[in-house]
There are 4 protein chains.
Amino acid sequence: MSKELRIGLIGYGFMGRTHSNGYKRVGDFFPDLAYRPVLQTICGRTEENAKAFADQWGYASYETDWRKVIARDDIDAVDICTPNDSHAEIAIAAAEAGKMILCEKPLARTTEEGQPMVDAVEKAGVANTVWYNYRRVPAVTLAKALIDEGRLGRIFHYRANFLQDWTINADLPQGGAALWRLDVKAAGSGVTGDLLAHCIDTAMWLNGGIADVSAMTETFVKQRMHNLTGKVEEVGIDDACAFHCHFDNGSLGLFESTRYARGHKALYTLEINGEHASIRWDLHDLNRLEYFDHRDDSVVRGWRSVHITDGDMPYMDKWWVPGLCIGYEHTFVHQVADFLAAVEKGEPCRPTFRDALETGKVCDAVLASARERAWKDTGVDWQA
Amino acid sequence: MSKELRIGLIGYGFMGRTHSNGYKRVGDFFPDLAYRPVLQTICGRTEENAKAFADQWGYASYETDWRKVIARDDIDAVDICTPNDSHAEIAIAAAEAGKMILCEKPLARTTEEGQPMVDAVEKAGVANTVWYNYRRVPAVTLAKALIDEGRLGRIFHYRANFLQDWTINADLPQGGAALWRLDVKAAGSGVTGDLLAHCIDTAMWLNGGIADVSAMTETFVKQRMHNLTGKVEEVGIDDACAFHCHFDNGSLGLFESTRYARGHKALYTLEINGEHASIRWDLHDLNRLEYFDHRDDSVVRGWRSVHITDGDMPYMDKWWVPGLCIGYEHTFVHQVADFLAAVEKGEPCRPTFRDALETGKVCDAVLASARERAWKDTGVDWQA
Amino acid sequence: MSKELRIGLIGYGFMGRTHSNGYKRVGDFFPDLAYRPVLQTICGRTEENAKAFADQWGYASYETDWRKVIARDDIDAVDICTPNDSHAEIAIAAAEAGKMILCEKPLARTTEEGQPMVDAVEKAGVANTVWYNYRRVPAVTLAKALIDEGRLGRIFHYRANFLQDWTINADLPQGGAALWRLDVKAAGSGVTGDLLAHCIDTAMWLNGGIADVSAMTETFVKQRMHNLTGKVEEVGIDDACAFHCHFDNGSLGLFESTRYARGHKALYTLEINGEHASIRWDLHDLNRLEYFDHRDDSVVRGWRSVHITDGDMPYMDKWWVPGLCIGYEHTFVHQVADFLAAVEKGEPCRPTFRDALETGKVCDAVLASARERAWKDTGVDWQA
Amino acid sequence: MSKELRIGLIGYGFMGRTHSNGYKRVGDFFPDLAYRPVLQTICGRTEENAKAFADQWGYASYETDWRKVIARDDIDAVDICTPNDSHAEIAIAAAEAGKMILCEKPLARTTEEGQPMVDAVEKAGVANTVWYNYRRVPAVTLAKALIDEGRLGRIFHYRANFLQDWTINADLPQGGAALWRLDVKAAGSGVTGDLLAHCIDTAMWLNGGIADVSAMTETFVKQRMHNLTGKVEEVGIDDACAFHCHFDNGSLGLFESTRYARGHKALYTLEINGEHASIRWDLHDLNRLEYFDHRDDSVVRGWRSVHITDGDMPYMDKWWVPGLCIGYEHTFVHQVADFLAAVEKGEPCRPTFRDALETGKVCDAVLASARERAWKDTGVDWQA
């Protein structure tokens, strides 16, 4: 019989839903885990919303003050889904209370803010993970395995984009509720922390540390009405960001993110070019991995579109049958499963807070490089 | 507060899992429904398996005799996920017991077998539906809306394929457990009832009744070891089937299905060509609908790859945000949601048993046409 | 120094241009051929047009009566680009005059009409070929090589489409000049002889003879103004045609063609599914061949998109460098090159008149099957 | 009757072939031009090769000293297809001799070397053009028209890649014949002048001047055997180069080129994101333009794959019929046609030497930025 792992979820926005779904699905599809999540409480500042969320998703209770969640004895793990500016305070308190912590990405708004979070979880010795969920798209997980097997050989190039188009309208306000991502105080940065952080996490996982960066950012719409003040205010976030970089392994990186790429909703793409083989992936068609192997017979050599649905693909023995797609939400189920397995084994569930701090260092260097129009060392010490 | 609708699931194979997942997810994503499914019991012949399934999925009980499920007062709806040869007996008994019925497709092995099922549910006046789930892929549901709006104009062509490759190996046995689909006694037919039935259901839904057919079938591997007898026996199913046909609206249809198309796992594709516009869809990339409109400016006229993830697409306001994919299993969640909404309104949930019987008539005509090498009228009376 | 092979071209329409271009380009790109084509004369009924064509393309002379071309001593080869109803008369006369013959496809309107053409060239012993040019798309030529190497193993399925949309407009007239393809008297049939004939030629070349067929045809627009009579007349051609068939090797074939598939201009696609591997090709992206090999490692197994531009691909050492596309017209250059090489070696240049007659037999059987709503044997005796 | 424009071609490598083909084809497909090119002479240092080229392509004579070509009275235009290090000397001499000049790209190895070339042609008042041929891919030409019509609205992003993989093998030597592109003395730079120069020319044509750049270059293989010295020597070229930049119109640019992207042969891709619409194009599938328009109805809004083959597309009325592809070589035919038309009208044929000099300024700034690890202003003054 599996043991309970009682969750206290803080925040009920988009990520509150994806995490809740992860907790509720994991037992149906990963029946052999020693732990099973229990939806113990959900916390949100607006009581009416918290209660409604608890009812809809089946949480046993709700709270309106996150400190109470941490104070409760019947909570084993705290899941932080609040805007970025509150991650540090909650996480440090939770660590001090001995709770396991699952924190939404990015870890914090800055390295300065994130370092004490790492210190706190490591001092407390509590299980911790950050929801860089795209590692757990089966196609991306497979890419990692192919690289680790050495199939690509020496790596020359890594490139990643994360393109969206949802803030082109200049009438869109900033701040509050669903729009805190446009408010630099709440978010810390724009596309860099929101989207490039994903790209950087995946990149370092697949290709090792990023040593230095040269970046450019832009804010296309300079002022927007602020929902919290009711006034038109300066926009402090980066609407778009591009950078090139060197990886520790000598390969070159090229990254770009924007919310002004008309026609793209969540086009996270990555490509790795190695001496022998190359890999491409695209979030809009997440069940496919494209693979090119120069060692193929030349007359039948080409990019292979691998439909990642067979049972011998990562995680896919848990789902359906060959040819049948899974979707975005499954990445969170996978992360929950891996987290529970890690707790069982007493191992870290990567990316940990420490891993996410390194990703944050790259983000900081990117923003500094753009500000100062100069190359910046990242200071990253990436642990494979 | 929503009302309980207590489910008795019969069969715990692949479809038992997809349906169970549908029942468990629907409340999280469709919170406004008046009814909520309750996993009351699961029935399977092997007690150990039935119990394990109940444990994994959270059914409140299990049974090993389907008659007991039907006899229970605490069951509102019976869900039939058994092999095709038992659909009729179970469904008729369930109808006579006044249960709602959700039956896996195809309705029955033949029209002869299916007709009493329709009679039974109609006589009993019980809610009934058949799990032709692909109608509820959002892209396919959108296709229906576009056609009903008249965007395509007069229809000239409808073509659909369902291509797989999982039975090429001649050493694969037939019969029993996961392989009953190769046993003509259990399945009634091969790809015709298994795969083409899906294509036909979607086709008639989108394009109206099929009047007559001319078909060809083939059994590439003539003999296979039979799991139930332990002997090598004749293979009675069709490994492949192709037919052309006339729709009632004067358009031409072309259908093909096989389990011998190396490289395709579940490649259900459909295309409709109209006077003004055309539509294509493909299960391997189910989040996309391709659309061509001749009324576009000629210099920018081309097939549009519409990524069906925005909130104004069918069902998609229930899920995530633009750009984020859903998968195969969501079609069952949608059908559960629509079934519950139909029960609430006292309306039929299409496709009903009657609809599925018409699909069966086409299948029968196809098999007869192939056998007799002659065109066959289907006798279909399709109700839009 | 290469020897002259003096061409007399009869017809100056679309095909007159593609062939002329073939003759003019071949020496630049295939410099090692023993023969070089010389544009000796062009023949067309309208003097003004014939003269203009001669001027534009650099023909040394022009004629207005094809009999004069055949009578000329300075003509080695006659190229027939006229509408289908005149192929037989011209070809037989040319053969009797001892000319080599290159004839546009289809060979003739019917087998009955084509047989004497075959008899004539074989009796005369003159070099002959029919312009089924798609065999010489490098990707298709490569497909032939892959099949001949046995890479696909036993073949289960062959399917081909040729979809266009240019006659949907009911105001389009029939007959005369560019529209003779809609006039049954000139063309013999509609899409069957025009488009399916291409598909059938490729199919039998790649997969062997077609034994029997079951077909359906449709004429969507029943009457059109006739350009030659000025009156609205019955449309005698097939606007659309679909058939399924058995190949001699036991595989199943499925073919479809139409001029009413909105959104497709010249979408000739073919796919072959074998025991071990499958192949797909598409004229709209003619530089690519898609290839799936089940013997690949399962984790990197997928359809390969092979960009057929490297020098080790068929014909491609003659053109540019890897990655750079060629187009439609190159197929005619290739056929000219192969014809000249065949003349040099005294070998047939396939497809010969005899090959094309077999293709015509399938077309005839298809039309008869559709007319009589019955399976028809083709009587084909295909020579590999 | 058209007038002769007698060509003296200097260099008989890959570009000598593409240009020769352009001259030979143009009259067949653009019959209304006032001028027709005459292949008067071909010049190469090795007599045997020059003679063979003249024979193959039909040049009336050959030379082995380019000065003789310029000295000849029967040459109207000099076409420079030699390695980059000789462009300046030949072009200046040709201008001084009053010849029209068609020069392969890049104009020169550096701005310093290119400026006197511009001065010379402008002083002499001779027609001049540089073979940035990708402007004349019909899909790219169409992109220009769509942008000029204002369909995209304000531009936010421009990104372009040119990815190859042909120099990964460390055993490949540098220098001489086909490998002068790896020799920094002959080429001036690596991918920057060879590939990015194409991307920059197209980009400024479509989106206006590039103001400043921040770049990174890499030489992956540091030493290669030199064909001209027989010794292993330092590699002086850039194997890979990436840069980001600001356009004068405020949009952001991102460019990358490499010869180490395994799996790509000549993958020149470009994408432009505007306020209302976006455009994508890819040289590997050059007959397609992808177009997204946000003003489409949301339910059928998606990237349109426009197959650029209809007669109302740029240049396409000269070729075949809808659906039938053209290839790489046609871009040179188009440039010849446009050059001849410009000569007739007395107008410049863009890109002129002056235009190409501006492109060279960006290349210089890119290389300087990479060397100095700093942003560089380009000094470009782009004329629309």
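Mentor: With 384 residues, chain A would have a radius of gyration near 21 Å if it were a compact globule, and its value is 21 Å, which agrees; the radius is taken over C-alpha atoms, and the globule rule is 2.2 Å times the number of residues to the power 0.38. This is a predicted model, in which local features need pLDDT of at least 70, side-chain atom pairs count only at pLDDT 80 or more, and totals for chains, interfaces and linings use all residues. Residues are numbered from 1 along each chain as its sequence is written, while chains are lettered from A and ligands numbered from 1 in the order in which they are written.

Trainee: What makes a residue of chain A count as buried, and what percentage are buried?
Mentor: A residue is buried if 20 or more other C-beta atoms, placed from the backbone, lie within 10 Å of its own. By that rule, buried residues make up 64% of the 384 residues in chain A.

Trainee: How do you know which stretches of chain A are helices and strands, and how many are there?
Mentor: They are DSSP runs numbered from the N terminus, with helices (H or I) needing at least four residues and strands (E) at least two. Chain A has ten helices and 17 strands on that basis.

Trainee: Where are the domains of chain A?
Mentor: Domain 1 covers 3-133 and domain 2 covers 136-327 + 334-377, with bounds that come from an automatic or database domain assignment. The contact between these domains takes 34 residues from domain 1 of chain A and 32 residues from domain 2 of chain A, where two residues are in contact if their C-beta atoms, placed from the backbone, lie within 7 Å. On the domain 1 side of chain A that touches domain 2, α5(A) gives the most, with six residues.

Trainee: How do you know through which surface chains D and A meet?
Mentor: Of the interface residues of chain D, 100% are also interface residues in chain A, so the copies meet through the same surface.

Definitions and conventions. A residue is buried if 20 or more other C-beta atoms lie within 10 Å of its own, exposed if 12 or fewer, and partly exposed in between; C-beta atoms are placed from the backbone.
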